[in-house]
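This report describes selected helices, strands and loops of one structure, together with the contact between its chains.

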Amino acid sequence: MHELSLARSIMDIIEEYDLRHHFKKVNSLKLSFGKLSSVEPSALEFAFEVLSKGTKAEGASLEFEVLPVILYCTVCGENVSAEHYQATCPLCEGGEVCLAGGTEELKLLELDVD
Amino acid sequence: MKIDVVKNVLDANDRIAEENKALFEKSGTWVINLMSSPGAGKTTLVEKTIEALKDKYSIAVIEGDIEDTCDAERVARHGVPVVQINTGGACHIDGNMVREALPNFDLQGIDLLIVENVGNLVCPAEFRIGENIKAMILSTPEGADKPAKYPLMFQESAVMIINKTDLIPYVDFDMEQAKRSALGCNRDLVIFEVSCKTSEGLTGWFQWLEDQIESYKKQDP
């Protein structure tokens, strides 16, 4: 349940921005993370809902941009988008791939506030 | 109104980790964050490592567990300072937990601090604590598919120790697949094949660790 820690950090960032911008309420948050970064959106939404109760962020919606898994194959030289990480190239079946995308950590991109 | 933030959510944790790291650099303490699934052999590896290196270096240990102190007791029997962190349900150690544990040590006299994380292949990979390296253990009964299932752990780690090689005749573990798959997550991953039970392969790990500590000491002003 690291989503609770993540939600707590999101609340801290919101408070920090509130001190600077003095908003009335938060309408929505835009977040991004890699598909393999083991962030579970529904668990994060639940943790955020619990922690934001009684704050300016209560009721705000979370929008997620999920970054795809990218495999770079050293055999055929292609970047391939895949469902999961695998050590074999889905295009040429070459056995040497590098994980080139999909583990990006959770970022808060934008706050929509009134 | 839209406000651009573009900030890592764990930014606050990273800042605490950097502060920890500055303290470690000041005292010349090299820090390893040891991670694995529950039961992969973290505590046994810690015990073996202490026995091998304690005459040469002063070692301290932080033991992270959700509950209980039995691992800390095992480690304390080897005569090194050990502090237990009970995360009370949290599935990982974070920068702040380490910061709060540090006043229990005299860091100035410690060459090597081993932080044994909570047994978990998911969350500990995300939380920096101020370590020099992350090392992870994959034990053979877990199977060779773990890098494919938990790639972040393998990408973040500098070292993968494949433990319980003595069990290979009894479990289906494809060594080549495990290595190839882990190296796909991280080309620079250093791999050791060991059995903490028979001690086979451990000297390579001890030597590597010693080399890291020595080169760190040389950087130290």
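## Helices with a buried face

The buried residues of α8(B) are B:L202, B:W205, B:L209 and B:I213. A residue is called buried if 20 or more other C-beta atoms lie within 10 Å of its own, exposed if 12 or fewer, and partly exposed in between, with C-beta atoms placed from the backbone. Viewed down the axis of α8(B), these buried residues fall within an arc of 65 degrees, so they line one face of the helix. The arc is that of the directions from the helix axis to the C-beta atoms. An α-helix has 3.6 residues a turn, so residues three or four places apart point the same way. On the face of α8(B) turned away from the buried side are exposed residues, including B:T203, B:Q207 and B:D211. The buried residues of α8(B) pack against β2 (30-36), α2, β5 (112-116), β7 (159-163) and β8 of chain B. Two residues are in contact if their C-beta atoms, placed from the backbone, lie within 7 Å.

The model is predicted: local features need pLDDT of at least 70, side-chain atom pairs count only at pLDDT 80 or more, and totals for chains, interfaces and linings use all residues. Residues are numbered from 1 along each chain as its sequence is written, while chains are lettered from A and ligands numbered from 1 in the order in which they are written. Helices (H or I, at least four residues) and strands (E, at least two) are DSSP runs, numbered from the N terminus.

In helix α2(B), the buried residues are B:K42, B:T43, B:L45, B:V46, B:T49 and B:I50. They fall within an arc of 160 degrees seen down the axis of α2(B), so they line one face of that helix. The table gives the lengths of both helices; the expected span is 1.5 Å times one less than the number of residues.

| Helix | Length | Reach, first to last C-alpha | Expected span |
|---|---|---|---|
| α2(B) | 12 residues | 16 Å | 16 Å |
| α8(B) | 18 residues | 26 Å | 26 Å |

## Strands and the chain contact

In chain A, an open sheet of 3 strands has the order β4-β3-β5, with antiparallel pairing. Strands β4 (79-82) and β5 of chain A stand at the edges, each with a single partner strand, so one side of each has no neighbour in the sheet. Strand β3 (residues 69-73) of chain A is joined to β4(A) by 4 bridges, and A:L71 stands opposite A:V80 in β4(A). Two strands pair if DSSP finds at least two bridges between them.

Pairing also links the two chains: β6(A) and strand β1 (residues 2-8) of chain B run antiparallel and are joined by 5 bridges. Here A:L111 has B:I3 as its bridge partner in β1(B). The contact takes 32 residues from chain A and 28 residues from chain B. On the side of chain A that touches chain B, α1(A) gives the most, with 9 residues.

## Two loop residues

Most residues other than glycine have a negative phi, and most peptide bonds are trans. A:S38, in the loop between β1 (26-34) and α2 (41-52) of chain A, has a positive phi of about 55 degrees although it is not a glycine. With 20 C-beta neighbours inside 10 Å, A:S38 counts as buried. B:S199 lies in the loop between β8 (190-193) and α8 (202-219) of chain B, and its phi is near 75 degrees, a positive value. B:S199 has 13 C-beta neighbours inside 10 Å and therefore counts as partly exposed.
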